[in-house]
Amino acid sequence: MLPVLKISHFSLSLAAALTVLCSTADAFTYKTLYAFKGGSDGAKPLAGVAVDAAGNVFGTTSQGGNTGCSHHLGCGTVFKIAPDGTETILTVFSARKNGRNPEAPPLIDPQGNLYGTTLHGSKRCSYPRESCGTVFKIGLDGAESVLHHFRGGFDDGALPRDAALIMDKSENLYGVTLDGGDDHGGVIFEITSAGRESLLFNFSISTNAPRGTLLRDGAGDLYGAADNAVFRLASDGSYTVLHQFNGTDGNDPDGGLIADKEGNLYGTTAIGGQNGFHCQEFGCGTIFKLAPDGRFTTLYAFDGAYAYGPYGSLVADKRGNLYGTANQIFELSEDGQLTLLGIEEPNPGLAMDTNGNLYGTTWAGGDSKSSKYGCGFVFELIP
């Protein structure tokens, strides 16, 4: 039996539905907040964003910052978009200084400090034979510092990629890497508020580390999805598989989990479930629910006719509707109705503010003058 998670960001009560209608709707108003030009303003965001209480949007670009989008791509940026659309570059990454190519959204702490990771670092590491990534902090005064340089090898992680960091009440950070550890299968790590890093769990190279952001409950247990399974890493270090996917109920969970106040877990699988034109025998992906007693429910199985391949973590509004990213942005209502909200090929993961507005990014599109396909943009969907 799963413990009740002490997380109360939202309350969900979703009906189980394997066969539901899919529709398109214009209930949301679309707005482009900023289109990247590919130079000093950044280019090619590959992750979602974070939103503060004042409506400022924070994110990362994997390229740009000091050079163009088409040539000499640059090492990436951390940016801020004000409610009026004004962009401010908070950090420009440099391979020799503070890492390069961030591919995860930043974390905002209660004081307004930003934390994040870069895929590659500013120092060489033991394995793989490339810089292994960093954990960075940007303070309220704008000062940027590197909290940790990953070393790779058996005693440290390497290549933090999609997953955002999370923080506990003591300001300790938790995250995952795709490589490093005992068997180069990736790790779950903790960095204390004093800057000390420790490995909490090593994945084997055959199981693969989780790509999505971890979820932490009030008891200090961590939850995620990896190796076609939902797992719990307890605060005492014990690892438990809570559900193993079998293909018909989903496969390849490619995002983090969210939870409601009753302790139900919600997530997506990128393939598995029903077959369809775009996904053929692999299945088109699912949205699932895992109850505290272990009962697993497929809330929606994509058939590929309208949408397929969900990836990234879900978000939920106050009414219990779920929102996520696939080949398009979607909404799954409490009664199992799937609605497509437009914006093709969004980056994984959405952010939601207190008014229910949705925010995200695309890696292409926007300012097509800067590159053949554009350098990406930040959008807002207003209900």
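Tutor: Begin with pairing: two strands pair if DSSP finds at least two bridges between them. Keep in mind that this is a predicted model.

Student: How many bridges join β3 to strand β4?

Tutor: Two bridges link β3 and β4, the latter covering residues 57-61, and the two strands run antiparallel.

Student: What holds paired strands together in general?

Tutor: Strands of a sheet pair through backbone hydrogen bonds, and the pairing is either parallel or antiparallel.

Student: In what order do the strands of the open sheet with β3 come?

Tutor: The order is β3-β4-β5-β6, an open sheet of four strands with antiparallel pairing. Its edge strands are β3 (50-51) and β6 (87-92), each of which pairs on one side only.

Student: Which strands form the open sheet that contains β12?

Tutor: That sheet has four strands in the order β12-β13-β15-β16, again open, and its pairing is antiparallel. At its edges stand β12 (166-167) and β16 (197-202); each has a single partner strand, so one side of each is left without a neighbour in the sheet.

Student: How many bridges pair β12 with strand β13?

Tutor: There are two bridges between β12 and β13 (residues 173-177), in the antiparallel sense. Here Ile166 stands opposite Tyr174 in β13.

Student: How many helices and strands are there in the protein?

Tutor: The protein has zero helices and 31 strands.

Student: Now a single residue. Where is Asn327 found?

Tutor: Look in the loop between β26 (322-325) and β27 (328-332).

Student: Is Asn327 buried or exposed?

Tutor: A residue is called buried when its relative accessible area is under 20%. Asn327 has 11% relative accessibility and therefore counts as buried.

Student: Which residues is Asn327 in contact with, leaving aside its neighbours within four places in sequence?

Tutor: They are Tyr306, Ala307, Tyr308, Tyr311, Ile343, Glu344, Glu345 and Pro346. For Tyr308 there is a further detail: its backbone nitrogen lies 2.9 Å from a polar atom of the Asn327 side chain.

Student: What can be said about the protein as a whole?

Tutor: Of its 383 residues, 57% count as buried. The protein exposes about 16000 Å², and carbon and sulfur atoms supply 50% of that area. As for contacts between residues at least 6 apart in sequence, 49% join residues at least 24 apart.

Technical notes
Residues are numbered from 1 along each chain as its sequence is written. This is a predicted model: local features need pLDDT of at least 70, side-chain atom pairs count only at pLDDT 80 or more; totals for chains, interfaces and linings use all residues. Side-chain values use heavy atoms; hydrogens and water are left out. Buried means under 20% relative accessible area, exposed over 50%, partly exposed in between (1.4 Å probe, protein chains only). Contact means heavy atoms within 4.5 Å. Accessible areas come from the Shrake-Rupley method with a 1.4 Å probe; for residues, only the protein chains shown count as cover. A polar contact is a pair of N or O atoms within 3.5 Å; within protein, one must be able to donate a hydrogen and the other to accept it, and residues adjacent in sequence count only if both atoms are side-chain atoms.
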